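Let's take a look around this structure together. Keep the 3D view open and follow along as we go.

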Amino acid sequence: MKANKPQLIIEGKRVDGRTPSDLRPIKMEVGVLRNADGSAIVEIGNTKVLAAVYGPREVVPRHEEQVDRAIIRCRYRMLSFSTMGERKSPAPSRREIELSKVIREALEPAIVSSQFPRTAIDIFVEVLNAEGGTRTAGITAASLALADAGIPMLDLVAAVAVGKVDGVIVLDLNEVEDMYGEADMPVAAMPSIGKITMIQLNGVLTPEEFKKALKLALDGINRIYNLQKEALKKKYVEIEE
Amino acid sequence: MSSSVQRTIRLPGDQIVLDKNMSIEGAGVGTSLYRLNENTYVVTTVSLQDVEENEKKKIRIIPLKGRYMPKEGDIVIGIVYDVTLSSWLIDIKSPYLAVLNASDYIGKPFNPATDNIRKYLDIGDVVIAKVAQFDRTRQPLLTVQDKGLGKVISGSLVEIEPSKIGRVIGKKRSMISMLMEQTKCDFVVGVNGRVLLRCPDAELEYIAILALKKIEAEAHTAGLTERIKEFIINEKVKRGLIKYES
């Protein structure tokens, strides 16, 4: 597949016409589901992710409960119709199980779980349409849903991927760039506390490139973070007329 | 008397830095604030912030959403979820099921060998109770040994967001007494987000439910009591219960 790699950067523009430091268009909405305690839908370009949060509630297999904190359970799932081409099998794949863990661990540092000992907080992340960056969109959506559910958090978590495509460091990779690029690095952070909660690197970056990429990622995260705050506030301001 | 109050919405991650001339209070102090260091706090849930400027600056933080956490002395309205040999497990809309002992309910020692516990309360029954004991390491313990507590046999139950119960009661009970006066209903408010209504007729009951839902939706806005009063009067006029009065 790598053999017939298309040219990804033409005259400084990427395949979808963005510059290297542009994000895809983002849309966010909070409180979209009625039955969930908190929910959010996030669209980043053509990637669309729905997150729902339930709890804190009783831990159902009793032996899993922790006496000093709430346990956090996360399930990331791609719907059968979310990908192009072949229908995705609805059975949880190796990748989905791994991403569930990655998303959970990216959110855990933000949640003040010691306030609800012996309970469980369940996070469901469903990918409705996948076109690159589903784990970062999932983290962004899940943290909004957690805030909507009223679960105490030290900060909202925002995430974005950076990567190297045709030798250029670019922000917010789409599917083609992810597939044919040289490196892909998703980053999640809590901007106002200034802490990174997740960083993964797939591919090769030199130390200089890594520093540049991380700076670009944190800049993108800040922009997404502001959109998250806007989306949360909007729910309450609308009623105020 | 009350000076200018500034109201804003605070989100998780917002920081509040205190100095000597500031104090912080409100329902959110224990739950919606996380102390980062000596005088910096982080807001942890979507909350309402009122800043009152007198000679001392007062900041009040009220969470807008969140589960009910039992507190000793709270009056709650629960629904029987399960029955054991000598106690009931009661759903009080908190992350923990509460326990009500049969001996407490009956007021004398209970012997499961000779007596059937389901005779007194069965699954689905509604009780008004007080939280007697709770420390997060065990399930909250309820008691009905006080005035106005016990099994509910009539009325209708309305559920709203527990964090908005404060608004249903209002400052110095202003909202609740206005509601009682306007709708002629009897309100029993459980701090866990359940309100029991006993109304003279169905129309008034319906209006009371609409008013409660409106309070829940607009809890973070100012001048709510007046607006709700107007709303109830309008609804009554619409239904022909009263003639229009300006």
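Predicted model: local features only at pLDDT ≥ 70, side-chain atom pairs only at ≥ 80, totals over all residues.

## Strands side by side

Start in chain A, where strand β3 (residues 26-30) and β4(A) run antiparallel and are joined by five bridges. Within that pairing, E29(A) sits opposite I41(A) of β4(A).

Now look at how β4(A) pairs with strand β5 (residues 47-58) of chain A: seven bridges, again in the antiparallel sense. Here I41(A) faces L50(A) in β5(A). The hairpin made by β4(A) and β5(A) has two residues between the strands, and G45(A) takes a positive phi near 60° there.

Is strand β4 of chain A enclosed or open? Six of its seven residues (residues 38-44) are buried, so the rest of the structure largely encloses it.

## One disulfide

Counting over all chains, you'll find one disulfide. It is formed by C185(B) and C199(B), with their sulfur atoms 2.2 Å apart. The pair links distant parts of the chain, 14 residues apart: C185(B) is in the loop between α3 (174-183) and β15 (186-190) of chain B, while C199(B) is in the loop between β16 (194-198) and α4 (202-217) of chain B.

The torsion about the S-S bond of C185(B) and C199(B) is about 115°, so this disulfide is right-handed. As for the two partners, C185(B) has a relative accessible area of 5% and is buried; C199(B), at 21%, is partly exposed. Over in chain A, C74(A) is buried too, with a relative accessible area of 15%.

## The largest pocket

The largest pocket holds about 1600 Å³. Its lining has 50 residues, and the closest to the centre are A27(B), I62(B), P63(B), S163(B) and G166(B). The largest share of this lining comes from α2(B), which gives four residues. Sorted by class, the lining of the largest pocket has 20 nonpolar, 15 polar and 15 charged residues.

## The second largest pocket

About 1200 Å³ of space lies in the second largest pocket. Of its 33 lining residues, the closest to the centre are R34(A), A36(A), D37(A), K65(B) and E161(B). The largest share, three residues, is supplied by α4(B). The lining of the second largest pocket counts twelve nonpolar, five polar and 16 charged residues.

Where does this second largest pocket lie? Domain 2 (75-151) and domain 3 (156-238) of chain B both give residues to its lining, so the pocket lies between them.

Terms used:
Residues numbered from 1 in each chain as written. Chains lettered and ligands numbered in written order. Heavy atoms only, no water. Buried < 20%, exposed > 50% of the residue type's maximum accessible area, 1.4 Å probe, protein only. Pairing = 2+ DSSP bridges. Disulfide = S-S within 2.5 Å. 1 Å grid on protein atoms, 1.4 Å probe; cavity = no way out; pocket = protein on both sides within 12 Å on 5 of 7 lines; lining within 4 Å. Points joined across faces, edges and corners; volume = space filled by probe spheres on them. Nonpolar A, V, L, I, M, F, W, Y, C, P; charged D, E, K, R; others polar. Domains from an automatic or database assignment.
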